[in-house]
Amino acid sequence: MSQHNIIGSEAFDRSPFVIIRSVRTGGMRRRQIRTAFAFVAGACAAVIGGVVAAVVAFGPSLAG
């Protein structure tokens with residue numbers, strides 16, 4: 001059984017199509033920039049954490 005609400009010949013109407021020529025993509029672009037920034041910040045934090053862990057682990061043996 002169909003759940004569509006097409007009444008009469010509405011589906012076969014000869015009216016012109018509406019074409020959207022320009023869509024502002026600012027929201028999606030901001031979201032992608034925010035995601036990329038979060039990824040870079042996380043990678044930097046991981047590198048810094050690894051360097052700190054290496055210094056803590058190998059620092060005493062290198063100093064003495």
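This is a predicted model: local features need pLDDT of at least 70, side-chain atom pairs count only at pLDDT 80 or more; totals for chains, interfaces and linings use all residues.

Me: What makes alanine 57 a point to note in α1?

Reply: At alanine 57, α1 bends by about 40 degrees. A proline, proline 60, follows within four residues.

Me: Why is valine 47 called exposed?

Reply: Exposed means over 50% relative accessible area. Valine 47 has 54% relative accessibility, so valine 47 counts as exposed. The residue lies in helix α1.

Me: Which residues form a nonpolar patch on the surface?

Reply: The patch is formed by Val47, Val51 and Val55. Together they have about 270 Å² of accessible area. Residues of a patch need over 30% relative accessible area, and valine 47 has 54%.

Me: How much of the protein is buried?

Reply: Buried means under 20% relative accessible area. Buried residues make up 0% of the 64 residues. The protein exposes about 6600 Å², and carbon and sulfur atoms supply 66% of it.

Me: How many helices and strands does the protein have?

Reply: The secondary structure comes to 1 helix and 0 strands.

How values were computed:
Residues are numbered from 1 along each chain as its sequence is written. Side-chain values use heavy atoms; hydrogens and water are left out. The bend at a residue is the angle between axes fitted to the seven residues ending there and the seven starting there. Helices (H or I, at least four residues) and strands (E, at least two) are DSSP runs, numbered from the N terminus. Patches are made of residues with over 30% relative accessible area and no salt bridge: like charges are joined within 9 Å, nonpolar side chains (Val, Leu, Ile, Met, Phe, Trp, Tyr) within 5 Å. Accessible areas come from the Shrake-Rupley method with a 1.4 Å probe; for residues, only the protein chains shown count as cover. A salt bridge is a side-chain nitrogen of Lys or Arg within 4 Å of a carboxyl oxygen of Asp or Glu. Buried means under 20% relative accessible area, exposed over 50%, partly exposed in between (1.4 Å probe, protein chains only).
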